[in-house]
Amino acid sequence: MTISIRSVEKTFGRYPALNGVSLEIADGELLALLGPSGSGKTTLLRVIAGLEFPEKGQILYGDQDMTYTSAAARRVGFVFQQYALFRHMTVAKNVAFGLDVRKGQAKPSKSEITARVDELLKLVELGELGKRYPAQLSGGQRQRVALARALAVNPSVLLLDEPFGALDATVRKSLRKELRRIHDATGVTTIFVTHDQEEALELADRVAILNKGAIEQVGAPHEVHDNPVGAFVCGFVGESNRFEGAVKGGRFQSADIALPAPGVTDGAAVAFVRPHELVVAPADQSNLNIVTERIAPQGAVVRVDGATASGQRIEAAFARQNAGDLQPGAKLSLAADRSYVFSA
Amino acid sequence: MGVTLTILSLIVLIPLSAVALKASEQTFPEFLQAAFNERALTAYRLSFGAAFIAAIINGVFGVLTAWALIRYQFPFKSLVNGIIDLPFALPTAVAGIALATLYAPNGWIGALFAPAGIKIAYTPLGVVIALTFIGLPFVVRTLEPVMRDLAADVEEAAASLGANRFDTILRVILPALGPAWLTGIALAFARAVGEYGSVIFIAGNMPYKSEIAPLLITIELEQYDYAGAATIAVVMLAVSFLMLFVINAIQAWARRLGQ
């Protein structure tokens with residue numbers, strides 16, 4: 001099912017949560033809504049689900065206007081951060097709930113429901129646990145139950161609100177792969193909210209980056225990382241060193257660094273350099289001099305923390321074989337392979 | 001362990017066994033006569049009956065009150081929240097005098113009902129009102145933490161799965177509250193059975209009519225019939241034990257369903 005969001009506005013009291021958001025989600029796509037807390041990403045997801053209603057704008061499922069249709073009538077699968085399982089019901093009963101509450105003709109027979117529940121529990125790899133109660137499961141297992149429960153109703157769209165937020169890092173990683181596998185197996189259009197960029201970049205087909213109730217950029221993970229459209233996206237996605245300065249005649253200049261800034265209008269500006277795009281350079285070709293403070297080899301890279309003469313903190317990351325002999329407290333000359341400059 | 005047992009014995013077990021010992025000073029027929037004579041039976045019936053009705057009333061209004069306190073914002077909410085606990089804190093005699101004054105035929109509320117021929121104070125109805133008053137906080141305070149736990153997202157989950165409001169309340173909310181709710185009602189009931197101070201002023205204390213069992217104990221004590229008083233106490237004690245057993249069973253059941 002394609003989902004169209006058209007100029008949606010929503011306020012809570014006097015605080016605007018969504019400022020005219022428009023977004024098209026293709027059928028079968030896996031889209032991440034990424035943003036800091038308070039960016040409106042959860043509100044947008046809830047508006048799509050029908051758990052909140054916008055003041056202006058439209059929500060379309062296919063070509064059907066659903067803007068003011070209740071969640072119950074939209075046939076969405078919604079997965080909550082805190083699982084929201086029915087704790088007085090067994091796992092199987094939880095999964096069956098959406099089918100159990102159907103009335104009359106629409107309600108499948110008992111054996112159909114049992115078969116569907118078994119199939120879903122297998123899909124989320126909880127085949128043996130149907131008779132358990134939620135309290136007897138781990139966090140990761142509970143979230144799998146919630147996922148199976150949401151999928152039971154054959155939702156037109158699967159919506160997940162920070163689905164891995166309450167889980168520890170290892171479980172989060174494996175469940176992330178799981179969600180991708182389940183998405184590929186079912187082909188259901190899926191939208192998930194996260195504040196974790198690593199999660200968004202690894203899992204999603206496309207990422208929509210929200211800030212202050214508006215969408216800053218929508219694109220494939222490598223696009224938003226490599227070609228950020230603005231300072232916010234550049235600073236939010238991926239790691240970066242941020243410099244404040246000014247552009248004059250196509251060159252950015254701050255207290256610590258000078259960078260090319262072709263096509264950027266003169267005036268106050270911010271520049272970003274990613275840690276892995278800093279390289280060690282001979283002193284005469286260098287445009288950034290730091291004093292190193294901490295050298296931390298991490299797997300294939302060496303991470304270097306340091307500071308410039310003006311006190312600005314700098315992070316750099318070098319491939320291990322290029323790092324040479326780095327010592328904390330030593331002077332180090334760096335050059336930026338690539339940089340991003342935006343008018344402030 | 002040793003300290004706990006010693007304190008428990010000193011404060012609870014020894015006085016209780018003294019009551020049983022006192023009651024056993026009589027022959028068995030005497031005991032039966034003292035425990036189950038007509039006046040005592042009427043008193044038990046009133047004490048347990050009124051306590052039961054009061055507990056049911058509290059069950060209904062307690063769940064509404066707790067829901068309002070958890071889910072809604074309204075002016076003076078914290079004041080209302082404090083008032084709920086008033087029956088815990090108020091000396092029961094004060095509550096009793098206040099209630100008796102209000103519900104007497106010439107009191108503010110009693111006067112409204114008097115023309116219709118309904119007497120509240122000095123009848124079993126008055127007893128029920130006093131017991132309802134003291135029982136409410138038990139239900140509200142037992143339900144509150146469970147309701148707070150029952151986050152709004154559980155309701156939203158039910159709605160997103162296609163359940164209507166009625167299904168959501170019947171199949172999701174009430175079953176989740178059930179154990180805590182029963183515990184609250186049982187606690188309110190247990191407290192009401194033993195209640196003395198707030199009841200005696202409004203009850204009128206007419207033998208065979210509006211006399212509660214704890215009052216009967218006092219009356220027998222005043223007549224120096226210690227064995228008779230202890231006998232009724234033993235009966236009350238037995239019922240209280242049964243109540244506590246039921247409450248614990250409910251809580252064990254609730255624990256099985258987990259946090």
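## Legends for close-up views of a predicted model

**View 1. Overall surface and make-up of chain A.** Chain A exposes about 15400 Å², of which carbon and sulfur atoms supply 49%; accessible areas come from the Shrake-Rupley method with a 1.4 Å probe, and for residues only the protein chains shown count as cover. The model is predicted, so that local features need pLDDT of at least 70 and side-chain atom pairs count only at pLDDT 80 or more, while totals for chains, interfaces and linings use all residues. Residues are numbered from 1 along each chain as its sequence is written, chains are lettered from A in the order in which they are written, and side-chain values use heavy atoms, with hydrogens and water left out. Nine helices and 20 strands make up the secondary structure listed for chain A, where helices (H or I, at least four residues) and strands (E, at least two) are DSSP runs numbered from the N terminus. Along the principal axes, the C-alpha atoms of chain A fill a box of roughly 80 × 45 × 30 Å.

View 2. Val237(A) lies in the loop between α9 (231-236) and β11 (241-248) of chain A. With a relative accessible area of 0%, Val237(A) is buried (buried means under 20% relative accessible area, exposed over 50%, and partly exposed in between, with a 1.4 Å probe and protein chains only). Not counting residues up to four places away in sequence, Val237(A) touches Leu34(A), Gln197(A), Leu201(A), Ile209(A), Val224(A), His225(A) and Arg274(A), a contact being heavy atoms within 4.5 Å. One of these partners, Val224(A), is 13 residues from Val237(A) in sequence and 7.3 Å away, C-alpha to C-alpha.

**View 3. Asn58(B) in helix α3 of chain B.** Asn58(B) is found in helix α3, which covers residues 38-71 of chain B, and it counts as buried at 2% relative accessibility. Leaving aside residues up to four places away in sequence, Asn58(B) touches Val63(B), Leu131(B), Thr132(B), Gly135(B), Leu136(B), Val139(B) and Ala188(B).

**View 4. Leu10(B) and a nonpolar surface patch.** Leu10(B), found in helix α1 (residues 2-23) of chain B, is exposed, with a relative accessible area of 56%. Together with Met1(B), Val3(B), Leu5(B), Ile7(B), Leu8(B), Ile11(B), Val12(B), Leu13(B) and Ile14(B), Leu10(B) forms a nonpolar patch on the surface with about 1000 Å² of accessible area. Patches are made of residues with over 30% relative accessible area and no salt bridge, like charges being joined within 9 Å and nonpolar side chains (Val, Leu, Ile, Met, Phe, Trp, Tyr) within 5 Å; a salt bridge is a side-chain nitrogen of Lys or Arg within 4 Å of a carboxyl oxygen of Asp or Glu.
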